[in-house]
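Here is a friendly tour of one protein chain, taken a few side chains at a time. Keep the viewer open as you read.

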Amino acid sequence: MTVADLATMPPIGEVLSAADRLTSAERLFVARWLLDSVLTGEIDEEKDWQALGLSAFEVDWDNDEDAIYDNWRTHYGVPAR
């Protein structure tokens, strides 16, 4: 299916027709909104992976032998959760 094929579908055709009537600023707003709606899930997944990695890091370094590194948050400027 090509972009031209999609344009002939009634809902897509209506959206494209409405988009033709928008100003440049309005089109940029819609484009940003659409992009954000796609990327939000990816950003959330990245945050989840970071939190998981941080948890594993904290567990791995929580021992007497490595107590010297207990102030790593302060040293690296990482806020507490």
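## Charged pairs

Arg 32 is exposed in this predicted model, with a relative accessible area of 54%. Its salt-bridge partner is Asp 36, and the closest N and O atoms of the two lie 3.1 Å apart. Asp 36 counts as partly exposed, at 33% relative accessibility. Because Asp 36 and Arg 32 are four residues apart in helix H3, about one helical turn separates them.

A search of the whole structure finds two salt bridges. Asp 20 and Arg 27 also meet through their side chains in a salt bridge, at 4.0 Å from N to O. Here Asp 20 is exposed, with a relative accessible area of 58%, while Arg 27 is partly exposed at 40%.

## A nonpolar patch

Trp 33 is exposed, at 54% relative accessible area. Together with Leu 22, Phe 29, Val 30 and Leu 34, Trp 33 makes a nonpolar surface patch of about 500 Å².

## A buried arginine

Arg 73 belongs to helix H4 (residues 72–76). With 17% relative accessibility, Arg 73 counts as buried. Its side chain reaches the backbone oxygen of Pro 79 at 2.7 Å. Beyond its neighbours within four places in sequence, Arg 73 is in contact with residues including Leu 54, Glu 58 and Val 78.

The protein averages a pLDDT of 80, and 90% of the residues score at least 70. Confidence is highest in helix H2 (residues 10–20), at a mean of 85, and lowest in helix H1 (residues 3–7), at 65. Where pLDDT is low, the predicted coordinates should not be read in detail.

Definitions and conventions:
Residues are numbered from 1 along each chain as its sequence is written. Side-chain values use heavy atoms; hydrogens and water are left out. Patches are made of residues with over 30% relative accessible area and no salt bridge: like charges are joined within 9 Å, nonpolar side chains (Val, Leu, Ile, Met, Phe, Trp, Tyr) within 5 Å. Accessible areas come from the Shrake-Rupley method with a 1.4 Å probe; for residues, only the protein chains shown count as cover. Buried means under 20% relative accessible area, exposed over 50%, partly exposed in between (1.4 Å probe, protein chains only). Helices (H or I, at least four residues) and strands (E, at least two) are DSSP runs, numbered from the N terminus. A polar contact is a pair of N or O atoms within 3.5 Å; within protein, one must be able to donate a hydrogen and the other to accept it, and residues adjacent in sequence count only if both atoms are side-chain atoms. Contact means heavy atoms within 4.5 Å. pLDDT is the predictor's confidence in each residue, from 0 to 100.
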